[in-house]
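Please read the following report alongside the sequence and the 3D view. It begins with annotated positions and then turns to strands and the overall build.

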Amino acid sequence: MSENGKIEAVIVAGARTPIGTAFKGTLRNTTAMELAEVVVKEVQKRSGLDVSQIDDIILAESNYGGGDIARHAAVVAGMLQVPGQSVNRHCAGSLTAIGNAAATVMAGAEKAVIAGGTQSSSTGPVQKFRKPGSVDEFIEKWMPPTHPDTAEAPNMDMSITVGWNTARDADLTREEMDAWAVRSQNRAVAAIESGAFKDEIVPVPVLQADGTFVDFDTDEHPRSGSTLERLATLKTLHPEIDNFSITAGNASGINDAAAAVMVVSSELAAEAGLETLATVKAWAASADHPARTGMIVLDVIPKVLERAGISIEDVALWEINEAFAAVPVAACKKLGINEEIVNTAGSGCSLGHPVAASGARMIITLMNELRRRGGGYGVAAMCAGGGQAGAVVIEVPAPKH
């Protein structure tokens, strides 16, 4: 219980897979279901809770177009008595899953819920979509659209809808975005080399051609030795557009991964003697025109801070997803956020952006880094397809001496 006698939602365990590079990386033949199974099993194991104590599993998905990945993971993990539900808020899906889990726990409906997301861009199904103005002509696209296609917000080209529109709206230069991306790469490489991710990663057994398995245990997307000079040589993604400033270097990758946390009631944590790693203080979603997708992060951050009863100055650490570097650069520039405490271990431009899993990955990384720094408030925020954004506030307790 909190001091006011209300039930709180606390995180007692978290785990993520390493992030693979889609289509050519180590996880290219590993499905979203298989990735989900790995983290669901690991989170239950790390929590110390018996399967019989888990009330539900909520997993985000973005590209699978049907089915119920959460229930699939529960069955394969041997959790036959645990129901499962899948949610989809595209990039912000796993933040929504964690918020939904916290809500049902705080309402007293459930006591323990696994929440997160899973993404296999490599194995996601190809879907057919009718060409605009056509009756019987279809094109195949790898990602289902999140909004109607328009010139100002193409639903299959986020370099314009998110990256370029955000850069223009926030008056950002390519140099600003490239500098952010380089720092992201360098921070991610430093985090990997220092072992900062060791405690949060659960290895994924990957089947080899000879029938044996090897454990994949390290994020493979970051590039060491990234420099401004190298990024400056990259061509823009739309050279036909005057002053276009978005490149592959200041954009996120296409990736595969899964991540999840165990959200339980403060009552259960106390009864079972579980250590509270973080308390979920608030969550929020915002929306506007799809052409403003990247800028909606600037709307959801004040909204979630107000719900948590804190200010920007109270936040010790931030995760603002780098779907494009333009998004965190704009947020810091327009909201007055200290960029030195944002994405301290890298983000989408370096680690990659496994869409449905990114929010939970951010919460896990945020939680672990705050624990290393002595606790405090952390905020994870990100834009999401179709003109949306999501955010979650957590509070990590100071370590006990």
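Which residues does UniProt list for "active site" in this entry? The unreviewed UniProt entry lists Cys91, His353 and Cys383 under that heading. Although these residues are spread over 293 residues of sequence, they cluster in space, with a largest C-alpha distance of 11.9 Å. The lining of the largest pocket includes Cys91, His353 and Cys383. The model shown here is a predicted one, and the values below are computed from it.

**Around the annotated residues**

His353 is placed in the loop between α9 (326-335) and α10 (358-372). Is His353 buried or exposed? His353 counts as buried because its relative accessibility is 5%, and the cut-off for buried is under 20% relative accessible area. Not counting residues up to four places away in sequence, His353 touches Cys91, Ser252, Gly253, Asn255, Asn321, Ala323, Gly348, Ser358 and Met382.

Cys383, in turn, belongs to strand β13 (residues 376-384), and with a relative accessible area of 3% Cys383 is buried. Leaving aside neighbours within four places in sequence, the contacts of Cys383 are Cys91, Val162, Thr293, Gly294, Val297, Ala323, Val327, Gln388 and Ala389.

How many of the residues of strand β5 (residues 112-120) are buried? Nine of its nine residues are buried, and the strand is mostly covered. Both faces of β5 are covered, with Ala112, Ile114, Gly116, Thr118 and Ser120 buried on one side and Val113, Ala115, Gly117 and Gln119 buried on the other.

Strand β5 pairs with strand β3 (residues 56-60) in the parallel sense, and β5 pairs with strand β10 (residues 255-265) in the antiparallel sense. Gly117 of β5 takes part on both sides of this arrangement, standing opposite Ala60 and opposite Ala259 in β10.

Strand β10 is also joined to strand β1, and these two run antiparallel; Gly14 stands opposite Val261 in β10. Strand β1 (residues 9-16) has eight of its eight residues buried, so it is largely enclosed by the rest of the structure. A further antiparallel partner of β1 is strand β11 (residues 278-287), where Val10 stands opposite Thr279. The table gathers these pairings.

| Strand pair | Sense | Bridges |
|---|---|---|
| β3 and β5 | parallel | five bridges |
| β5 and β10 | antiparallel | nine bridges |
| β1 and β10 | antiparallel | seven bridges |
| β1 and β11 | antiparallel | two bridges |

**Two glutamates in helices**

Glu369 is found in helix α10, and with a relative accessible area of 15% Glu369 is buried. Leaving aside neighbours within four places in sequence, Glu369 is in contact with Leu317 and Thr344.

Glu267 is placed in helix α7 (residues 266-272).

**The protein as a whole**

The secondary structure of the protein comes to 10 helices and 14 strands. Along its principal axes the C-alpha trace spans about 60 × 50 × 40 Å. How does the radius of gyration fit with a compact globule, and what is its value? The protein has a radius of gyration of 20 Å, which agrees with the value near 21 Å that a compact globule of 401 residues would have.

Buried residues make up 58% of the 401 residues. Of the contacts with a separation of 6 or more, 77% are accounted for by residues 24 or more positions apart. The accessible surface comes to about 16,300 Å², and 50% of that surface belongs to carbon and sulfur atoms.

Technical notes: Residues numbered from 1 in each chain as written. Predicted model: local features only at pLDDT ≥ 70, side-chain atom pairs only at ≥ 80, totals over all residues. Heavy atoms only, no water. UniProt positions renumbered as here; feature names shortened; annotations may be inferred. 1 Å grid on protein atoms, 1.4 Å probe; cavity = no way out; pocket = protein on both sides within 12 Å on 5 of 7 lines; lining within 4 Å. Helix = DSSP H or I, 4+ residues; strand = E, 2+ residues; numbered from the N terminus. Buried < 20%, exposed > 50% of the residue type's maximum accessible area, 1.4 Å probe, protein only. Contact = heavy atoms within 4.5 Å. Pairing = 2+ DSSP bridges. Rg over C-alpha atoms; globule rule 2.2 N^0.38 Å. Areas by Shrake-Rupley, 256 points an atom, 1.4 Å probe, with all protein chains shown as cover.
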